[in-house]
Amino acid sequence: MSTYKSKLLYIAGWDRSGSTILDQILGQLEGFFTVGELAAIWDRGPDCLCGCGSILKNCGIWNRIFTEAFGVGPDRFDFHAARRDRPCWARFRHLWLLANPPLRRLFQRSLEPHLELTQKLYQAVSRVTGARVIVDSSKRPTHAYLLQLSGIGVPYIVHLVRDPRGCAYSYQIRKPHPDPGIRRMPTMHPAKSSLQWIGSNLAFRVLWGDSCERYMLVRYEDFITQPRDTVRRILEFVGEPAHPLSFLSSNSVFLQPLHGVFGNPSRFHTGEVQLKLDERWKSQMKERDKFVVTALTSPWLSTYGYPLHANGIAPTGVEVQNAGNQQDRRCEPLL
Ligand SMILES: [Zn+2]
């Protein structure tokens, strides 16, 4: 039986959607602890940079968490074995296998070690930090599904969506990566980013979406322009009392260092940080690339309130979250 006591708030969606700054803001709240993109920890190993600025194996809190979970610190933990135990079909393209119980049972034996590892790690985060809410910004639908299967309960899914042209443009910008051994942030062709945007967002809408009471949709554009309202809505969503939010104004936030283990380099930004809607794609993205992204994602743009024309005006505060009959919304069908 699971001894996991914290609520797990999972920031879901596609990359370059503002998940890191949302993660950083939520992590400032009393009783909240952010783990960053914890899904990547098995790949990154003990030498990745923690949000506090230390290497993971030198960070005090992650040493306590690993010792609680596995009996050894990150420097002695066998990351190679953890990667080996992670089933290769746990990739996004195999999500349909995970989500199909009869098919999933065929792979149960190879799935169990990874689920046990995941459960131990998140339980240890809960016990060591004493946090009421753990924030995970891994974003990937497969990881959310594995968390749910691991027995720590159904995560609170905060599905963060950004205009796909903004995501695609962000993936075209070359910038250095702060982690040791990684020269720069990955780049991606706009068409590939568009297909990933469709797949990731569709997966969360279909597997959680309106059928799950622990699902909430947030648009990046609304969050950045109305950050206090967004945080208040998220607090209400996870059943937490209202916080003073003195660190957060309508256009800036004061950030303390946190302990997220992976994510956008902006997780190292501390002190006063300006919150500014990034719409550089409107003026700086090549028209050809805008056309490709718009054409591929056009069937879904209106779902999230985005205009078909790249320079159109997106309505703010689109009420598409938690639609449907509240009384009929359950999460059990996933299991
Ligand atoms: Zn740290």
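Biologist: Which residues of strand 2 point one way, which point the other way, and are they buried or exposed?

Modeller: F32, T34 and G36 point one way, while F33 and V35 point the other way, and all of them are buried. In a regular strand the side chains alternate between the two faces of the sheet. Please note that this is a predicted model, in which local features need pLDDT of at least 70 and side-chain atom pairs count only at pLDDT 80 or more, whereas totals for chains, interfaces and linings use all residues. Residues are numbered from 1 along each chain as its sequence is written, and side-chain values use heavy atoms, leaving out hydrogens and water.

Biologist: What makes a residue such as Y306 count as buried?

Modeller: Buried means under 20% relative accessible area, exposed means over 50%, and partly exposed lies in between (1.4 Å probe, protein chains only). Y306 has 4% relative accessibility and therefore counts as buried. Y306 is found in the segment after helix 14 (287-301). Over the protein chain of 335 residues, 56% count as buried.

Biologist: How many helices and strands are there in the protein chain, and what makes a run a helix or a strand?

Modeller: The protein chain has 14 helices and seven strands. Both are DSSP runs numbered from the N terminus: a helix is H or I with at least four residues, and a strand is E with at least two.

Biologist: In what order do the five strands of the open sheet lie, and is the pairing parallel or antiparallel?

Modeller: The order is 2-3-1-4-5, and the pairing is parallel. Strand 2 (32-36) and strand 5 (215-219) are the edge strands, because each pairs on one side only, where pairing requires that DSSP finds at least two bridges between two strands. From one strand to the next, the twist averages 25 degrees.

Biologist: Which residues coordinate the zinc ion, and why is the arrangement called tetrahedral?

Modeller: The donors are C50 (SG), C52 (SG), C59 (SG) and H259 (ND1), at 2.2 to 2.3 Å. Donors are N, O and S atoms within 2.8 Å of the metal (3.2 Å for Na, K and Ca), and sites may look incomplete because water is not among the atoms. Four donors count as tetrahedral if all angles lie between 85 and 135 degrees. Here the angles are 97 to 119 degrees, which makes the arrangement tetrahedral. The ideal angle for four tetrahedral donors is 109.5 degrees. Along the sequence, the donor residues are spaced C-x1-C-x6-C-x199-H.

Biologist: What makes the pair of E30 and R132 a salt bridge?

Modeller: A salt bridge is a side-chain nitrogen of Lys or Arg within 4 Å of a carboxyl oxygen of Asp or Glu. In E30 and R132 the closest N and O atoms are 3.3 Å apart, and the pair therefore qualifies. E30 lies in the loop between helix 1 (19-27) and strand 2, and R132 in the loop between helix 7 (108-129) and strand 3 (133-139), 102 residues apart. By this rule the count comes to 16 salt bridges.

Biologist: Why is E30 called exposed and R132 partly exposed?

Modeller: The relative accessible area of E30 is 53%, so E30 is exposed. For R132 the value is 32%, so R132 is partly exposed. By contrast, R219 and D222 are both buried, and they form a salt bridge with the closest N and O atoms 3.0 Å apart.

Note on methods: Axes fitted to C-alpha atoms, helices over the stretch in contact; angles between N-to-C directions. Tetrahedral: all angles 85-135°; square planar, octahedral: opposite > 155°, others 65-115°.
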